[in-house]
Amino acid sequence: MKRRQVFIMIILFFLGFTACGKTENTGTENGNGIQCMLTISDGSDAFRAMLVEAAQTAAEEAGMELTVMDAEGSTENQMNQIKNANSYDVIICALCDSGMAQEMEALAGDKPMVFINSCPEEDYLEANKYIYVGSDEAVAGNLQAEYILEKYAEKNTLNIVMIKGEKMHSATKGRTRAVKAKLEASGKEIHYVFDDYADWSTDTANNMFQLFLKTGQDVDCVISNNDSMAIGIVQAAKENNLSLENLPILGVDATEEGLNAVAANEMACTIFQPAVGQGQAAVKAAIRMVKKESIASLEGAEDELYVWVPFEAVTKNNVKNYQ
């Protein structure tokens with residue numbers, strides 16, 4: 001009889017262990033009772049809208065109450081939102097200006113903050129209290145450069161149009177710095193025949209490229225910091241009857257519009273930035289921080305300061321995997 005009881009206890013132990021393992025593998029955090037505010041720098045941007053939607057879904061699944069506020073590109077608006085966030089346990093913040101992290105932390109008081117989309121300097125991060133969830137922007141720039149260098153392997157001189165995002169955004173800085181560094185390290189002669197900020201805007205990028213085309217300069221490819229601006233370049237190229245097969249246009253984010261353009265041979269490449277993965281990871285991290293738990297075991301965690309969600313290159317060859 002005793003042997004039978006011991007056997008049953010062993011079975012129950014292993015069943016319980018397995019069940020615990022399954023719960024951990026789902027990655028679901030229990031956020032019941034937690035109040036979170038998400039302040040997004042600009043909710044009209046396609047990628048940031050996807051990021052917000054992913055966070056809302058993840059919060060609902062975890063039982064956390066998430067309130068979303070749109071700063072509409074204004075640092076002043078964002079400061080007021082955080083200043084008045086007294087009823088919240090944690091704040092998820094997509095900074096309008098990545099240089100304002102310290103001010104936002106001061107306004108938040110003792111509340112933990114998860115920064116998303118625009119990465120502050122590491123000096124302003126603190127383990128398990130002020131962290132960043134996102135994708136390493138340098139990887140996106142490197143992937144764009146790799147595509148161009150492979151396509152033009154036999155060409156020694158390249159004329160490049162560079163269309164950048166918001167001047168103070170960490171993605172603009174990281175992606176631009178990385179793509180230029182890798183291109184210039186290739187040994188090729190690189191000429192940036194046009195290089196300016198289009199602030200993530202399709203219309204602004206379109207207008208800029210229209211003006212560039214009037215100069216009559218040769219261009220081998222267009223590198224854009226995001227898909228919205230790349231679509232603006234596509235539109236301008238079509239309006240001027242340019243062959244898109246002979247003008248590689250590269251973006252970042254793999255938005256629906258960007259993926260459709262790649263599938264239609266209008267864009268050569270986009271870089272998949274997983275908005276869903278970032279939104280989910282931000283919510284998981286926020287819940288752990290409220291509970292005074294470490295983020296170290298989250299996938300992609302580094303030094304309890306970052307949670308990285310990887311970029312992936314998307315071309316005509318694999319675009320169906322992302323649509």
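Mentor: Leaving out residues up to four places away in sequence, Thr176 touches Met162, Lys164, Ala171 and Asn225. Touching, or contact, means heavy atoms within 4.5 Å. The model is predicted, so local features need pLDDT of at least 70 and side-chain atom pairs pLDDT 80 or more, while totals for chains, interfaces and linings use all residues. Residues are numbered from 1 along each chain as its sequence is written, and side-chain values use heavy atoms, without hydrogens and water.

Thr176 sits in helix α6, residues 170-184. Helices (H or I, at least four residues) and strands (E, at least two) are DSSP runs, numbered from the N terminus. Thr176 is buried, at 9% relative accessible area. Buried is under 20%, exposed is over 50%, and partly exposed lies in between (1.4 Å probe, protein chains only). A polar atom of the Thr176 side chain lies 2.7 Å from the backbone oxygen of Thr172. That is a polar contact: N or O atoms within 3.5 Å, where one must be able to donate a hydrogen and the other to accept it; residues adjacent in sequence count only if both atoms are side-chain atoms.

Now take helix α7. Its twelve residues, 202-213, should span 16 Å at 1.5 Å a residue, and the end C-alpha atoms are 17 Å apart, which agrees. The expected span is 1.5 Å times one less than the number of residues. Which residues of α7 are buried? They are Ala205, Asn206, Met208, Phe209 and Phe212. These cover an arc of only 165° around the axis, so they lie on the same side of α7. The arc is taken from the directions from the helix axis to the C-beta atoms. An α-helix has 3.6 residues a turn, so residues three or four places apart point the same way. On the other side of α7, Asp203 and Leu211 are exposed. The cover over the buried residues includes β6 (157-164), β7 (189-197), β8 (221-224) and α8 (227-239). The N-terminal end of α7 is capped by Ser201: one of its side-chain oxygens lies 3.4 Å from the backbone nitrogen of Asp203.

Last, two loop residues. Asn128 is not a glycine, yet its phi is positive, about 60°. Asn128 lies in the loop between β4 (113-116) and β5 (130-134). Lys292, also not a glycine, has a positive phi near 65°. Its loop runs between α10 (275-290) and β11 (301-302). Lys292 is exposed, at 75% relative accessible area. Most residues other than glycine have a negative phi.
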